[in-house]
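Let's take a friendly walk through a protein model, stopping at a few residues along the way. Have the sequence and the 3D view ready.

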Amino acid sequence: ELPSRVQASEYQRPTVQRTLEVAYRVWDFARRVRSAYGGLCGICRLGLGLTEAAHIVPVAWPGGTDETKNGIAMCRNHHAAYDRGLISVSPDYSVSVSSSRYEMVGNVGSGADVDWLTSTRGRSLFLPSRLDDRPDPEYLRIGQSARAFAL
């Protein structure tokens with residue numbers, strides 16, 4: 001029922017009912033991934049409670065999982081660069097920088113930004129000690145494809 005001050009109008013907003021289907025995410029994924037890396041970034045080893053769990057195969061990608069081996073602990077900067085396809089981790093665990101996206105950053109960023117980004121090139125990912133927690137090479141391939149990563 002409309003409040004007394006509001007008149008019915010042809011512009012009255014109708015109500016609709018929606019059904020939404022979303023993938024269920026396992027609640028402890030981030031904790032397991034950060035723990036596997038000892039709370040440190042797998043790229044730069046920064047800790048300080050600033051690490052996050054980056055999905056290798058993105059959450060929205062078909063077949064993505066919340067297995068520990070589908071995650072890499074990363075500091076917030078590396079996680080953001082990874083999700084944007086600026087950096088990637090190859091199936092041999094080497095870190096790559098996208099030249100095409102690097103050029104774009106070089107045009108809008110400062111020299112320090114570009115230096116920080118390129119300093120990751122050629123590094124090897126620091127791996128969890130438990131073999132079952134290490135990134136799955138096939139997931140790394142899929143993750144590169146999903147993010148359209150190009151050297």
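## Finding our way

Helices and strands here are DSSP runs, numbered from the N terminus; a helix has at least four residues and a strand at least two. Keep in mind that this is a predicted model.

Is Tyr 37 buried or exposed? Its relative accessibility is 4%, and buried means under 20%, so Tyr 37 counts as buried.

What does Tyr 37 touch, once residues up to four places away in sequence are set aside? Its contacts include Gly 42, Arg 45, Gly 71, Ile 72 and Ala 73. Leu 125, Phe 126, Leu 127, Pro 128 and Pro 135 are also among them. As for Gly 47, it is ten residues from Tyr 37 in sequence, and the C-alpha atoms of the two are 9.8 Å apart in space.

## His 78, a residue in a helix

Now move to helix α2, which covers residues 76-83 and holds His 78. With a relative accessibility of 1%, His 78 counts as buried.

Leaving out residues up to four places away in sequence, His 78 is in contact with Cys 41, Ile 43, Cys 44, Ile 87, Trp 116 and Thr 120.

## Pairs of opposite charge

Side chains of opposite charge can pair when their charged atoms come close. How many salt bridges does a search of the whole structure find? The search gives eight.

One of the salt bridges joins Glu 52 and Arg 76, whose closest N and O atoms are 3.3 Å apart. Glu 52 belongs to strand β1 (residues 51-55) and Arg 76 to helix α2, so this pair ties together parts that are 24 residues apart in sequence. Both partners are partly exposed: Glu 52 has a relative accessibility of 26%, and Arg 76 has a relative accessible area of 48%.

## A distant link and a network

Another salt bridge pairs Lys 69 with Asp 136, with 3.9 Å between the closest N and O atoms. Here distant parts of the chain are linked, 67 residues apart: Lys 69 is in the loop between β1 and β2 (71-75), and Asp 136 is in the loop between α4 (111-118) and α5 (137-146). Lys 69 is partly exposed, at 26% relative accessible area.

Elsewhere, salt bridges with shared partners join Asp 28, Arg 31 and Arg 32 into one network. Within it, the side chains of Asp 28 and Arg 32 meet at 3.1 Å, N to O. Asp 28 counts as buried, at 12% relative accessibility.

Notes
Residues numbered from 1 in each chain as written. Predicted model: local features only at pLDDT ≥ 70, side-chain atom pairs only at ≥ 80, totals over all residues. Heavy atoms only, no water. Buried < 20%, exposed > 50% of the residue type's maximum accessible area, 1.4 Å probe, protein only. Contact = heavy atoms within 4.5 Å. Salt bridge = Lys/Arg side-chain N within 4 Å of Asp/Glu carboxyl O.
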